[in-house]
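Open the model in your viewer and keep the selection panel at hand. The tour visits helix pairs, then a ligand.

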Amino acid sequence: MNEKRSSVHGEWSSGLIFILAATGSAVGLGNLWRFPYLVGENGGSAFVILYLACILLVGLPIIIGEVTIGRKGRRSPINSLRLIAREEGLNQKWALVGWMGVIAGFLILSFYSVVGGWSLYYGYEALIGGFAGMTSDSAEGMFNGLVSSPSAVLGWHTLFMLIVFGIVASGVKKGLQRAVTLLMPLLFLLLVGLVIYGMTTEGFSDAMTFLATPDFGALDGDTVLAALGQAFFTLSLGMGAIMVYGAYLPQENSIPVSTGWIVGMDTLTALLAGFAIFPIVFTVGLEPGEGPGLVFQTLPIVFGEITFGALLGVVFFVLLSVAAITSGMSLLEPAVAYLSESFGGGRVKAAAIISALIWLLGAACGLSMNAWSGFHLLPGMTIFNTIEFISSNILLPLGGLFVALFVGWKMRTTTVAAELDTHNHHNLFLLWLWVTRIVAPAAVLFIFLNATGLLSF
Ligand code: PHE
Ligand code: NA
């Protein structure tokens, strides 16, 4: 029963390739677009600390659990969960957790593609010299000009979705993985450069105050929920993306070590993005709570000003787009793997059907910022806001909760320990097990209850 399976979809050629692919999934718009704007909207430092606590106490144990399920099952999340449930004598309904993930991936990719389209557009603007002499007013004008134009938003969203579809369908992942190996360190270097630049600006000390003096009194249930949702979103957790990548992880590679790298690099990237963006926010007198436009209304000002800024701007937004594309691929993969396993119609057909549906929903997200902005799905929330809220703050933590319960309480401890290969680290295994059993699920439940106002702490 503990025999090792191999994946029908092929496997990564090494554990390092898994780390690169999974980091490609993790590092994306979540770090450079979503993290800074949430920090700004939620008052800064206290949010950052909560987010880091969620990463450590909830994200880290659950990402280990997800990869464990994936590698044990070696299939799409739906079929891995079903197979393991059968082998472990559990209820087949656990496969529903995989279905919930597919739905969450659907919803996330729809608005993710819209924002991915924004970053493609900014790469284009940089290329034609559009950032030259940019002020905070013209930066705001550029962003508003983009999001208020249905044709621009739809066009760039379509381009983004086509690229993601093309890569997932044609299986050129290998080449892409190799490219990412080169591009990710470059993105990293550029971010470090921007952080150093930020230190020389007059807004730097205000930014430090904002990012480093927590005011926990100002936190409310929604803020805590947003920090939890962002921890899941940024680690690609709770919807099967990391699980399906884990399904292709070679047997001899260590799950705790690989996931440790992924979490570390993702967290570092988000923090660097914050330290790069907020000095500019305060220097140019922008509101931290500007919302989803924050990164797009700050960095172009810098690129319009510094030496080689035109070139660096192109490089930065191309890299941001690449990071978004590698994340978008992983959002599509659980559904594509499932469709091609179940109906055997091939990856291309599976990817085409799913991409078309996601494109449609994404079009609605894009239009909800202009033509349809008066239409509210939840009170005061556009279609875009509603989908972002439900998928990130509810579906992902819920998916993660079920993953924790499944590996922690339902699978046999011997099966889990064998997959994690922890003979020499028995105490660490026990620590992980109990955090996964108790701490992570309790945190998710408390935060949910707290946000509904049923319980406050
Ligand atoms: N983690 C990605 C990012 O931070 C987004 C993502 C979420 C990807 C969920 C896959 C699954 O940009
Ligand atoms: Na991320």
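Helices here are DSSP runs (H or I, at least four residues), numbered from the N terminus. Axes are lines fitted to C-alpha atoms over the stretch in contact, and angles run from 0 to 180 degrees between N-to-C directions. This is a predicted model: local features need pLDDT of at least 70, side-chain atom pairs count only at pLDDT 80 or more, and totals for chains, interfaces and linings use all residues. Residues are numbered from 1 along each chain as its sequence is written, chains are lettered from A and ligands numbered from 1 in the order in which they are written, and side-chain values use heavy atoms, with hydrogens and water left out.

**Stop 1: H5 and H15**

Select residues 95-127, helix H5, and residues 347-367, helix H15. Their axes lie 8 Å apart, at an angle of about 60°. H5 and H15 are therefore oblique to each other (under 35 degrees is roughly parallel, over 145 roughly antiparallel, 65 to 115 roughly perpendicular, and the rest oblique).

Now show side chains. From H5, pick Phe106, Leu107, Leu109, Ser110, Phe111 and Val114. They meet Ile354, Leu357, Ile358, Leu361, Gly362, Cys365 and Gly366 in H15. Contact means heavy atoms within 4.5 Å. By class, this contact has 10 nonpolar, 3 polar and no charged residues. Ala, Val, Leu, Ile, Met, Phe, Trp, Tyr, Cys and Pro count as nonpolar; Asp, Glu, Lys and Arg as charged; the others, Gly among them, as polar.

**Stop 2: H3 and H16**

Select H3 (residues 45-73) and H16 (residues 383-410). The axes are 9 Å apart and the angle is about 65°. That makes H3 roughly perpendicular to H16. This crossing is left-handed. H3 contributes Ile62, Gly65, Glu66 and Ile69; H16 contributes Gly400, Val403, Ala404, Phe406 and Val407. The contact holds 6 nonpolar, 2 polar and 1 charged residues.

**Stop 3: H3 and H12**

The crossing is right-handed. Among the contact residues are Tyr51 and Arg71 of H3 and Asp266 of H12. The classes are 14 nonpolar, 3 polar and 2 charged.

**Stop 4: ligand 1**

Which residues are closest to ligand 1? Of the 15 that surround it (a heavy atom within 4 Å), they are Ala26, Gly30, Tyr112, Phe233 and Ser236.

Check the polar contacts (N or O pairs within 3.5 Å):

- Tyr112: a polar side-chain atom lies 2.5 Å from a ligand 1 oxygen.
- Phe233: a polar backbone atom is 2.8 Å from a ligand 1 nitrogen.
- Ser25: a backbone N or O atom lies 3.3 Å from a ligand 1 nitrogen.

Note on methods
Helix = DSSP H or I, 4+ residues; strand = E, 2+ residues; numbered from the N terminus. Left-handed = near helix turned anticlockwise from the far one by under 90°. Polar contact = N/O pair within 3.5 Å; in protein donor to acceptor, adjacent residues only side chain to side chain.
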